[in-house]
Amino acid sequence: MVISPQEWQRFHILKPGDFNYPDQMSPDVVRNLDLFAYQMGARPTILSDYRPEDLKQHGAGRAIDTTWPGEDPFRIWRAALHSQLFSGVGVYLNEHGVASFHFDTRLDRTGKYPAKWGAFVESGENTYVSAGLVLDQIKKKSWVLIPALALFVYYLVRHTKG
Ligand SMILES: [Zn+2]
């Protein structure tokens, strides 16, 4: 089933141009991600959608990988589960500290009881762990960043004074 031009026009946030394969997408996952983005008041960047070689949700056009520039990853995670719009939710953290989220509408789970997981991404390789472990790591990184930033500014000021 293809999303009609009329339905694309009714979406709040998402456009066909956001996708690599807009015509291969299952309407429900696009519909739900659009509603979710609208509820969040945020625009996701779509990293990956339909993947012809994938045997699972991406290959079925039922999965979308996203980043949310400037948004708190915890807020995205909590809201995604609370919304019950997705039957699969994954959180990923890469070696540069960037969090991304996979959302899908797999048919063997429900929005109320979704599949949940986390993964650390290094050189494109995923190490699958619990979502909690990845979220803990994101939290640690943000606490490390504040003193690191303060120290950086301190040195900058000292050195520019001569
Ligand atoms: Zn994915």
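Predicted model: local features only at pLDDT ≥ 70, side-chain atom pairs only at ≥ 80, totals over all residues.
Which exposed residues does the face of α3 turned away from its buried side carry? They are Arg75, Arg78 and His82.

Residues are numbered from 1 along each chain as its sequence is written.

**Overall layout**

The protein has 4 helices and 6 strands. Along the sequence they follow the pattern α-α-β-β-α-β-β-β-β-α. Helices (H or I, at least four residues) and strands (E, at least two) are DSSP runs, numbered from the N terminus. The C-alpha atoms fill a box of roughly 65 × 35 × 30 Å, taken along the principal axes. Of the 162 residues, 27% count as buried. Two residues are in contact if their C-beta atoms, placed from the backbone, lie within 7 Å. Among contacts with a separation of 6 or more, 55% come from residues 24 or more positions apart.

**The sheet**

The 6 strands form an open sheet in the order β1-β2-β4-β3-β5-β6, with mixed pairing. Its edge strands are β1 (45–48) and β6 (125–129), each pairing on one side only. The twist averages 30° from one strand to the next. Two strands pair if DSSP finds at least two bridges between them. Two of the pairings are set out below.

| Strands | Sense | Bridges |
|---|---|---|
| β3 and β5 (115–122) | parallel | 7 bridges |
| β5 and β6 | antiparallel | 5 bridges |

Tyr92 stands opposite Ala119 in β5. Val89 stands opposite Lys116 in β5. On the β6 side, Phe120 has Thr127 as its bridge partner. β5 and β6 form a hairpin with 2 residues between them. In that turn, Ser123 has a positive phi of about 50°.

**Helix α3**

Pro73, Ile76, Trp77 and Ala80 are buried in α3. Seen down the helix axis, the buried residues fall within an arc of 95°, so they line one face of α3. The arc is that of the directions from the helix axis to the C-beta atoms. They pack against α2, β3, β4 and α4 (131–160). The helix lies across β3 and β4, running at about 10° to β4. Axes here are lines fitted to C-alpha atoms, for helices over the stretch in contact, and angles run from 0 to 180 degrees between N-to-C directions.

Why is Arg75 exposed? Arg75 has 12 other C-beta atoms within 10 Å, so it counts as exposed. Arg75 and Tyr128 are 53 residues apart in sequence and 21 Å apart in space, C-alpha to C-alpha. Just after α3, Gln84 takes a positive phi of about 55°.

**The core**

A nonpolar core is a set of buried Ala, Val, Leu, Ile, Met, Phe, Trp, Tyr and Cys residues joined through C-beta atoms within 7 Å. The largest one holds 23 residues. Val29, Leu33, Ala80, Val91, Phe101 and Phe103 touch the most other members. At least two core residues come from each of α2 (27–40), β2 (63–67), α3 (73–83), β3 (88–94) and β4 (99–104). Leaving aside neighbours within four places in sequence, Val29 is in contact with Arg62, Ala63, Ile64, Phe103, Asp104 and Thr105.

Key:
Buried ≥ 20, exposed ≤ 12 C-beta atoms within 10 Å, placed from the backbone.
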